[in-house]
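Hi,

Here is the structure I said I would pass on.

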Amino acid sequence: MGDEVVLLDFWASMFATRVRVALAEKGVKYENREDDLWNKSSLLLQMNPVHKMIPVLIHNGKPICESLIIVQYVDEVWRHKAPLLPSDPYQRARSRFWADFIDKKLYVASRKIWGTKGEEQEAGKKEFIEALKRLEGELGDKPYFEGESFGFLDIALISFYSWFYAYETFGNFSTEAECPKLIEWAKRCMQRESVSKSLADPKKVYESVTSWVGL
């Protein structure tokens, strides 16, 4: 096909991780360009002038922004292998709903765990665990969120897994104790090469977060 694919990335970003997993699932070769979030490259500012954030997928010179939109784009463009979104319109809508829930509820709560202290941190921890329990309920007894096959919603959530160690250390709790089925699911996902090679090292994430908050 002669596609030119470039990913503007940041190693610890759960949002960029989603794109790395999706591209790996599809077997798409791409150039990875690590960006500095504190000193953003001119390419990033040019390709995403609205949000000025990674990830940005540049496909044949055209930028696609926002991680969930990029994953859907990857699924539509490289249709020949590993479908990510369900074919049924209702199931597809449901997957998008829960992915949106992850970004609106889980991510917001998770930031409070490492970025705040005291009552606000406790509130964030409570919201985070409640959100995970809702997702665990949606998973049910299925091996993956999309059923028998790994897909869109799995990608949306597994990208957070490399941050769990940091959340648990800052918040002093155990995700496995609260949501054992979800951790089983995460370990199942980690057996996939597309996931294990795309996720950042949890200890490295924790060390970086510690330096960001100046502890």
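In what order do the 4 strands of the open sheet come? The order is β2-β1-β3-β4, with mixed pairing. Two strands pair if DSSP finds at least two bridges between them, and strands (E, at least two residues) and helices (H or I, at least four) are DSSP runs numbered from the N terminus. The edge strands, each pairing on one side only, are β2 (31-34) and β4. On average, neighbouring strands are turned by 20 degrees against each other, direction ignored.

Before you dig in: this is a predicted model, where local features need pLDDT of at least 70 and side-chain atom pairs count only at pLDDT 80 or more, while totals for chains, interfaces and linings use all residues. Residues are numbered from 1 along each chain as its sequence is written, and side-chain values use heavy atoms, leaving out hydrogens and water.

Back to the sheet: β3 and β4 are antiparallel over 4 bridges, and Val56 has Cys65 in β4 as its bridge partner. Helix α1 packs on the sheet, touching β1 (5-9), β2 and β3; contact means heavy atoms within 4.5 Å.

Helix α3 (residues 67-77) has Ser67, Leu68, Ile70, Val71, Gln72, Val74 and Asp75 buried (under 20% relative accessible area, 1.4 Å probe, protein chains only). These buried residues pack against α1 (14-26), β3 (56-59), β4 (62-65), α4 (89-115) and α6 (152-158).

Finally, Gln121 sits in helix α5 (residues 118-139) and is buried, at 14% relative accessible area. Beyond neighbours within four places in sequence, Gln121 contacts Lys112, Ile113, Thr116, Phe170 and Gly171.

Cheers

Key: Buried < 20%, exposed > 50% of the residue type's maximum accessible area, 1.4 Å probe, protein only. Axes fitted to C-alpha atoms, helices over the stretch in contact; angles between N-to-C directions.
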